Amino acid sequence: MFDLVIKDAEIHDGSGAKPVHGDLGVRDGKIAAIGPNLGAARETVKADGLALAPGIIDGHTHYDAQITWDPFVDPSPALGVTTAILGNCGFTIAPCKPADRDLTMRHLTHVEGMSLDALRAGINWGFESFPQYLDMLEKNGVGPNVACFAGHSAIRTFVMGTDATERAATDEEIARMVALVREGMAAGAVGFASSTAEAHNGEGGTPMPSRLADDRELRALVRAMGDSGRGVYMLTKGSKTSIPYLEELAVEARRPVVIAALFHSNTNPTAAFTTLDQVNAARGRGRQLVAQTSCCPLSMDFTFKSPYLFESMESWKPAMAAHGDEALKKIYRDPSWRGAVKREIEAARGRLVFNGEWDKLFIVETAKPENRKLEGATLAQLAAAAGKEPLDFILDFALSEDLDTQFVAQLLHNDEKAVGKILADPNTHISLSDAGAHLTFFCDAGFGLHLMGHWSRDLGVLDLPNAVHRLTGQPAKLFGIQDRGFLREGLAADLMLFDPKTVARGPKRRAYDLPAGAARLTAGAIGLHGVWINGARAADEKGFCADPASRPGKVLRSFVA
Ligand SMILES: [Zn+2]
């Protein structure tokens with residue numbers, strides 16, 4: 001007797017092989033049988049030819065804070081995700097001394113796109129060390145399966161306090177950080193994660209702590225991870241960490257290096273391919289370098305109260321350091337500051353987050369009703385009609401609406417021919433949903449559905465078995481998760497049932513359901529008929545359906561080399 005049988009499905013096993021038609025039986029949370037006409041079950045689901053695949057492994061999430069108040073990490077499970085990797089870019093909340101909690105939240109509030117109030121009201125600080133954090137998740141239970149990186153910025157803050165965002169570490173401090181990486185790996189971290197990216201800033205424009213690490217520190221910490229014989233080094237790369245440098249680290253640590261974020265830019269169209277060629281050349285030399293990319297165009301909703309897309313610019317620093325809206329408005333009005341911004345956009349074009357593509361920047365929602373007619377227009381059009389430079393127009397307009405205008409910028413990764421080439425490369429790691437972060441800017445938690453619907457079905461960039469493989473079996477192997485990512489007898493029953501003819505991610509919408517009523521963007525699924533985590537149903541055709549008090553997920557703490 002099975003607990004569950006899913007009958008008459010096209011079964012994609014996660015390996016990239018052609019699907020087979022049949023039934024899949026589940027017992028005790030594991031796949032008990034795959035074959036024709038399986039016997040009796042407590043529950044039978046008729047698939048009627050729908051596709052059945054392993055659940056999606058989302059390799060790049062930031063649910064570290066959210067999971068402490070929302071163990072089901074909404075909305076990912078309702079979008080097919082059964083395993084989430086936390087702690088990417090090294091933005092973890094463990095380890096953290098009680099005295100540093102506010103400091104840690106102030107670092108995160110900006111990069112997570114979550115208000116400080118939401119973090120203060122939401123985070124359950126029932127831990128101090130990283131092992132205690134994993135123990136707490138395990139004790140409280142989790143919705144999907146989760147694996148956690150040991151995070152560089154948290155470790156640096158734990159050792160250096162407020163100095164973590166100010167200076168290089170001493171030998172003694174590096175030694176203490178090394179000990180914390182070792183402790184994390186011993187406790188069951190999936191690897192070590194860091195960021196050198198110029199776009200990663202905390203409150204007031206302070207760089208995230210890991211950005212202050214020098215070469216000695218980075219090498220020591222990556223080697224400490226490698227000494228465990230396991231683990232993946234994950235880095236969101238800034239300009240100071242070149243691919244040849246990361247290849248050296250991969251050799252020293254003898255471990256895979258996952259490099260984010262490979263985005264295609266219209267203003268620097270060859271850069272992504274140069275990076276990809278370098279990564280593939282290193283792979284040819286036997287190094288385990290993996291470029292992490294996205295299958296979603298990078299677009300960002302923003303207001304001028306917190307315009308993330310401009311904040312990696314040197315000239316934007318005074319605006320980021322401004323305290324309060326009035327101080328901010330004063331800077332926005334200043335012609336000499338505007339001049340510096342314009343010069344930097346011109347000089348650094350192709351290397352910024354926003355590269356002056358004013359035709360890809362739109363008004364989404366105006367604050368004043370009389371401006372409604374401008375919604376949907378591009379800033380290029382509006383500025384030309386007004387006879388102003390686009391930067392002047394957008395700032396003047398935002399100022400006239402008390403900085404409450406909602407804009408959206410299509411920033412990167414929107415040339416479908418170029419992006420298709422990157423996705424078709426079998427060695428890129430497709431993820432970068434950033435789920436749990438940038439919550440007011442975008443929501444790509446449904447990236448897997450978008451890969452199967454848009455890129456596979458609509459554009460034919462990769463066939464469905466391969467699209468499934470890239471979301472399941474491939475990341476399982478990359479992260480050393482041995483009992484998931486494939487549909488095989490004896491493996492965990494992490495399952496996703498969907499209609500290949502309609503599968504897609506639904507439209508994004510704004511919700512005000514974070515702690516303290518803070519806003520975020522979220523989205524639902526289209527064509528997804530069921531999601532099971534360790535055999536327990538988490539979603540049906542209408543969306544999330546689990547008992548919110550249930551905790552079917554596992555905290556993954558053992559990985560294979
Ligand atoms: Zn990230």
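A residue is called buried here when its relative accessible area is under 20%. The model is predicted, and that cut-off is applied to its coordinates.

Start with strand β12, residues 289-293. Five of its five residues are buried, so the rest of the structure largely encloses β12. In a regular strand, side chains alternate between the two faces of the sheet. Look at each face of β12 in turn. On one side sit L289, A291 and T293; on the other sit V290 and Q292. Every one of these residues is buried, so both faces are covered.

Now look at the partners of β12. Strands pair through backbone hydrogen bonds, in either the parallel or the antiparallel sense. Strand β11, residues 257-262, runs parallel to β12, with four bridges between them.

Next comes an open sheet. It has three strands in the order β13-β15-β14, and the pairing is antiparallel. β13 (298-302) and β14 (361-365) are the edge strands, each pairing on one side only. On average, neighbouring strands of this sheet are turned by 25 degrees against each other, direction ignored.

β14 and β15 (residues 406-412) run antiparallel and are joined by four bridges. Find E365: opposite stands Q406 in β15.

Terms used
Residues numbered from 1 in each chain as written. Predicted model: local features only at pLDDT ≥ 70, side-chain atom pairs only at ≥ 80, totals over all residues. Heavy atoms only, no water. Buried < 20%, exposed > 50% of the residue type's maximum accessible area, 1.4 Å probe, protein only. Helix = DSSP H or I, 4+ residues; strand = E, 2+ residues; numbered from the N terminus. Pairing = 2+ DSSP bridges. Axes fitted to C-alpha atoms, helices over the stretch in contact; angles between N-to-C directions.
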